[in-house]
Amino acid sequence: MRELRELHAALIQVFEDHGYGEVATPAIEYDEVLARGDGRTAGSAYRFFDESGSLLALRAEMTVPIARLVSSRYANAEGPVRLCYLANAFRAVRPQRGQMREFTQAGVELIGASAPEGTAEVIEVLEAALRAAGLDRAVIGLGDADLYRQLLAEYGVGDEAREAILARLATHDLVGLEAELSAVDGIDDEQAATCLALSQLRGGSEVLEQARALGGTAVERATSRIGETFEALEARGAADRVRIDLGLLRDLGYYSGAILEVYDPALGHVIGGGGRYDGLLKRFGVDLPAAGFALHVERVHVAQMEEESPPESGAGR
């Protein structure tokens, strides 16, 4: 707990140093509010009825509750609005190492700042948070949430098949992805090969040219957006640990444009993620661009311990 408290304090200090004010929301929300924000995470929420019969749910993440908060409390505030949080969230998952039913998230939400500068600011804060946590080897993956949705629409793939393919991408299941693509009527071998090739493109800005060589309007749009963000990061001096990952797809339904995932070689799990969600606040009556990220604090703590652990005797033999 002492180590966790130190980590909590270090993360909040980074957020406040960058101008983000801490907010808190109730752990219990109306189920309708969470479903309006994102039906996918609402499906993994713990639900129950109150004494009057209203359906309630424990929050499964913090972005949707903060979108509700902004729409009701900050609708007329002069933007951009910079908010941060350290809070518990709850998901109905099968517990295993690094995946818990109750977990702590620390993150920021930047409301009212458009891409690419708004995205670059969020990533700059994320990089500073990883540095403050001592995770020198952590890498920030940068992708585009709209790439495959638009590409599959370009190929004429129907909604049901498209969702199945996107689900495989979100779990990085390349074998399943290939099977789903081959099962779709109307996708030819070249188009399937393009999807598979894109999903494996990772690295520096050079992968954008490799992607453009595969062709297509959706690819051109996504690589242009990513390129603008990467250039904004380079101008801020915050691009060193960012790796472009065209196979990246988040499992939350509200993302649009840039998406992020944080990896650390010391841990076999993603330790954080985020991105742009420019259409989310409109669902609550306030049409503002937005971006943010959340770190899974318990996973960050495990990564800290793993990075600090001395190598096992005999390693490398």
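Trainee: Where is Asp185 found?

Mentor: Asp185 sits in the loop between α8 and α9. Helices here are DSSP runs of H or I with at least four residues, strands are E runs of at least two, and both are numbered from the N terminus. The model is predicted, so local features need pLDDT of at least 70 and side-chain atom pairs count only at pLDDT 80 or more, while totals for chains, interfaces and linings use all residues. Residues are numbered from 1 along each chain as its sequence is written, and side-chain values use heavy atoms, with hydrogens and water left out.

Trainee: Is Asp185 buried or exposed?

Mentor: Asp185 is exposed, because its relative accessible area is 74%. Exposed means over 50% relative accessible area, buried means under 20%, and partly exposed lies in between, with a 1.4 Å probe and protein chains only.

Trainee: At what angle do the axes of α8 and α9 cross?

Mentor: The crossing is at roughly 160°, and the axes of α8 (174-183) and α9 (189-199) come within 10 Å. Axes are lines fitted to C-alpha atoms, for helices over the stretch in contact, and angles run from 0 to 180 degrees between N-to-C directions. The two helices are therefore roughly antiparallel to each other; angles over 145 degrees count as roughly antiparallel, under 35 as roughly parallel, 65 to 115 as roughly perpendicular and the rest as oblique.

Trainee: Which residues meet there, in α8 and in α9?

Mentor: From α8 they are Leu174, Leu177, Glu178 and Leu181, and from α9 they are Ala192, Cys195, Leu196 and Ser199. Sorted by class, this contact has six nonpolar, one polar and one charged residues. Ala, Val, Leu, Ile, Met, Phe, Trp, Tyr, Cys and Pro count as nonpolar, Asp, Glu, Lys and Arg as charged, and the others, Gly among them, as polar. Contact means heavy atoms within 4.5 Å.

Trainee: How do α7 and α8 pack?

Mentor: Helix α7 (residues 159-170) packs on α8 at an angle of about 165°, and the axes are 8 Å apart. That makes α7 roughly antiparallel to α8. In α7, Ala164, Ile165, Arg168 and Leu169 meet Gly176, Leu177, Glu180 and Leu181 of α8.

Trainee: How many residues of helix α4 are buried?

Mentor: Eight of the eleven residues of α4 (63-73) are buried, which leaves the helix mostly covered. Among them are Ile66, Leu69 and Val70. What covers the buried residues includes β2 (28-30), α2 (31-37), β5 (81-90) and β6 (102-111).

Trainee: And where does Leu288 lie?

Mentor: Leu288 is in the loop between β11 (272-276) and β12 (290-296). Leu288 counts as partly exposed, because its relative accessibility is 27%. Neighbours within four places in sequence aside, Leu288 is in contact with Ile111, Gly112, Asp278 and Leu281.
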